There are 2 protein chains.
Amino acid sequence: MRSAEIVITGAEILRGHTLDTNAHWIAGRLRGLGIALRGIRTVGDGEDEIRDALKAAATADLVVISGGLGPTIDDRTRNGVAASFDLPLRIDPEARLGIETAYRRRGRPMPEGAEVQALLPEGALPIANPVGIAPGFRMNRGGELIVALPGVPDELRAMFLTGVEPLLGPRREEPEEVFRFYGVPEAEVDGVARRILAPSDLAALSICAEDGAITLRIPSEVVARTPRLATALAEGRVGQALFARRDLSLAEALVDLAASRGETIATAESCTGGGLAWALTSVPGASRVFERGWIVYANEAKIDLLGIAPELIARHGAVSEPVARGLAEAAARRARATVGVGITGIAGPTGGTPDKPAGLVHIAAHRAGATIVRRAVYSGDRERVRRFAIQSALDLARRSLAGLPA
Amino acid sequence: MRSAEIVITGAEILRGHTLDTNAHWIAGRLRGLGIALRGIRTVGDGEDEIRDALKAAATADLVVISGGLGPTIDDRTRNGVAASFDLPLRIDPEARLGIETAYRRRGRPMPEGAEVQALLPEGALPIANPVGIAPGFRMNRGGELIVALPGVPDELRAMFLTGVEPLLGPRREEPEEVFRFYGVPEAEVDGVARRILAPSDLAALSICAEDGAITLRIPSEVVARTPRLATALAEGRVGQALFARRDLSLAEALVDLAASRGETIATAESCTGGGLAWALTSVPGASRVFERGWIVYANEAKIDLLGIAPELIARHGAVSEPVARGLAEAAARRARATVGVGITGIAGPTGGTPDKPAGLVHIAAHRAGATIVRRAVYSGDRERVRRFAIQSALDLARRSLAGLPA
């Protein structure tokens, strides 16, 4: 099995200003190529740090380094790589031409100081940058492939796909089956799997929870020789929570399900402020099932746009099951959609009371004359409460469509 | 200056299934404490990997390790730490009690196998987990503080704040000034700063671009002794792009500006599907300036909900400046808001034509009888196009409020 290390550079990452997403993205690509990622090292911008990180990574077959290829004084990756292998830096004519061309496409002359981006360690080959300006480079050192790419995610991704992956052989995803659940404790999914799998297969099982959704991954061969597993995971409370048999998000699974049944969804959101519709429309082709939605943040908006009775709000409060029901039913009716989803809650940090604390959310999904509801109190900050409310609403809509209880 | 290293553990991270955000969060906290983060090492779940990563981090004053404290077979952090210092593992009575209590609060008995989470390296002290079950621990080894926390972000954050930060001394943010810009090239901001700063101060300057927004950071003392800098950054095209003098997002800056002027904002979104309103309502207290919004994904929705003339769509297409204008104006009027924002575009990947490619977005902001518009073609995938469209719309609304041109 081939091995890889990733080196991420950038003082802004160590200072907590920037969240690196490049390592995560590269890790996913390497998995698809059957390359085992051994580790990730994140360091600052200094030449010495970069050199040391590369030396520590040196026993891997592939080292991908991200960041520090621009023209400014803190772009020191080329120097760090050169120092690591004791090589001089040379202006690479092809890299220089690429930089000039990138500026020409932008209708600007190549500024003084930009040429430094064409400096490559001796023996390195440039990797063209189809998105930005700074070229990357690659070099072989005794069976080890070193690849340096810019830190800008869009540039790194495009360059990895066009300039690096073709060197790494065909993709060979290890066949695995994926089961995704929402609305059941992780331990319950785990329990079903452990009851059925042979003890020697347990190590191959991976279960993780993220934003309330549970993902179970298991090699296809294990599933094939344990036919009871797939059956048991589709039964009872766990089975009702099973929303995808592939690597789909809740939104993707919901759009797929609605589209396959020719149904449509309309949304009416208060505390999530459009986030449910944003999640639905993140799915390419969402227009098959989603035409419109309302954001009714203020009480007057709930009354004006969706006809919620002022007395209902006065009696139960805006954050209440009756208002969530009213929103879901009005959304479906006014949009002439088969499914309506309503969300109302207190995202916090302020606005809570002992009776109705920050984090309280009421969600309703209406379909075919029936409305199912869910009440939850999410802990954590405003961002987390809203994120969890959206996940729960997507799941409730799915259950409504599937004719399941909340 | 005190130094720190972070060790992140988890095979799911190296396999690209999970994006680690703990290192980023801890990095930000350490910065506020005046502790220099030297590097981050991410490894898998193996005891040997964890031991080796800890040994490599050993010269730092503080090592924070995240993940691998749960009860399952791949939770090996306590073993890795113990192996690193050649210590035995012992059941810690306080940790055990915390686990029992956590289960009791959930109304469940402590299951078999959960006790393993109370195993700590000899001499370590438990860190209580107020959110989940697994306790963390800390230990001193020759002046070095080792802290082990669970990988679940909500648990890690709560435990770091209550169980770790109090040990690290008072917060001492290095005073710095922040200037944030949108709608101007990074090189232009950089150029203004470089023209004015003394050469010896250039190294203290940090400029980075993310999602089209540019952040310039510079120590307060440099700003104080270079009064022309702040003036120059507030002038001309660069000055018009300056949306915050603090670490605020575009949405926060917009909500602040509107609230300070007693104005209100309404939204009408097509391709962003509620994302603009979601961004606005991510700001606590957004209800001061935002009451309602429409998601008009389909043409019929634009016609029904906001009175866009079918002939306008037939003549110009739904993705056009006139329709963006119509959406902005109708949103303001129907919401009785002082500012209306409209977005229409082709998020892709499909739906583009040679004339109107995927990535084309028309945005309009209407206020006080005047409408300003912006047209952009964003490259990248659906997610990026929508993210950039939202950023641009927030900025356009800000400019509209400030009486600036687009």
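**Note on the A/B pairing**

1. Helix 16 (residues 382-402) of chain A lies across strands 13 (265-269), 15 (339-345), 16 (360-367) and 17 of chain A, at about 25° to strand 16 of chain A. Helices (H or I, at least four residues) and strands (E, at least two) are DSSP runs, numbered from the N terminus. Axes are lines fitted to C-alpha atoms, for helices over the stretch in contact; angles run from 0 to 180 degrees between N-to-C directions.

2. This is a predicted model: local features need pLDDT of at least 70, side-chain atom pairs count only at pLDDT 80 or more, and totals for chains, interfaces and linings use all residues. Residues are numbered from 1 along each chain as its sequence is written, and chains are lettered from A and ligands numbered from 1 in the order in which they are written.

3. In the interface, 53 residues of chain B contact 52 of chain A (C-beta atoms, placed from the backbone, within 7 Å). Strand 14 of chain B gives the largest share of chain B's side, 7 residues.

4. Strand 14 (residues 290-296) of chain A pairs with strand 14 of chain B, antiparallel, over 5 bridges. Pairing requires at least two DSSP bridges. Arg292(A) has Val296(B) as its bridge partner.

5. The open sheet has 10 strands with mixed pairing, in the order 17(A)-16(A)-15(A)-13(A)-14(A)-14(B)-13(B)-15(B)-16(B)-17(B). Strand 17 (370-377) of chain A and strand 17 (370-377) of chain B are the edges.

Note on methods. Contact = placed C-beta atoms within 7 Å.
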